[in-house]
Amino acid sequence: MKLLLTILFLTSYILCTASIITVGKQKQYTSITAAVTVAKPYDTVVVEAGIYYEKNLIIKNPIFLKGINHPVLDGEHPSAPAHHGRRHLAHGCPAPRVLPP
């Protein structure tokens, strides 16, 4: 019983001290990489709609990554060419997406 209470306490403490970091055009973080880098364990990184050109995205801490309104995470190209969004669909291979849970 003590073990169960200890686990419950620690879990609630971790979740209560976690932060929410939002990524978007008009937000403090405009790239997923920057937000993930500053995220502490069990923080939530919320990614708003848009196309994010992120290369070598490395997540070192256990975090929650949540997409709002179907953001697109493109790890193939380092920058955004003008026609890029159409190119993936024209080849029949949609860009990878960060999906909400």
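The structure is a predicted model, in which local features need pLDDT of at least 70 and side-chain atom pairs count only at pLDDT 80 or more, while totals for chains, interfaces and linings use all residues. Residues are numbered from 1 along each chain as its sequence is written, and side-chain values use heavy atoms, with hydrogens and water left out. The pLDDT (the predictor's confidence in each residue, from 0 to 100) averages 77 over the protein chain, and 64% of the residues score at least 70. Residues 82-95 have a pLDDT below 50, and this stretch has 13 contacts in the model beyond near neighbours in sequence; a contact means heavy atoms within 4.5 Å.

Turning to the fold, the protein chain contains three helices and five strands. Helices (H or I, at least four residues) and strands (E, at least two) are DSSP runs, numbered from the N terminus. Read from the N terminus on, the elements follow the order α-β-α-β-β-β-β-α. Of the 101 residues in the protein chain, 25% are buried, where buried means under 20% relative accessible area, exposed over 50%, and partly exposed in between (1.4 Å probe, protein chains only). Among contacts with a separation of 6 or more, 33% come from residues 24 or more positions apart.

Three strands form an open sheet in the order β1-β2-β4, with parallel pairing. The edge strands, each pairing on one side only, are β1 (20-23) and β4 (64-67). From one strand to the next, the twist averages 20°, with axes taken as lines fitted to C-alpha atoms, for helices over the stretch in contact, and angles running from 0 to 180 degrees between N-to-C directions. Strands β1 and β2 (residues 44-47) run parallel and are joined by four bridges; two strands pair if DSSP finds at least two bridges between them. Within this pairing, Ile20 stands opposite Thr44 in β2.

What holds Lys27 and Glu48 together? The two residues form a salt bridge, their closest N and O atoms being 3.8 Å apart. Lys27 lies in the loop between β1 and α2 (32-38) and Glu48 in the loop between β2 and β3, so the pair ties together parts that are 21 residues apart in sequence. The structure holds one salt bridge, defined as a side-chain nitrogen of Lys or Arg within 4 Å of a carboxyl oxygen of Asp or Glu. Lys27 is partly exposed at 38% relative accessibility, and Glu48 is partly exposed at 28%.

The loop between β3 (51-53) and β4 includes Ile59, which is partly exposed with a relative accessible area of 40%. Not counting residues up to four places away in sequence, Ile59 touches Val36 and Leu65. Ile59 and Thr37 are 22 residues apart in sequence, and their C-alpha atoms are 7.5 Å apart in space.

Asn56 also has its place in the loop between β3 and β4. Its phi is near 60°, a positive value in a residue other than glycine, and Asn56 is exposed, with a relative accessible area of 64%. Asn69, in the loop between β4 and β5 (72-74), has a positive phi of about 60° although it is not a glycine. Asn69 is exposed, with a relative accessible area of 61%.
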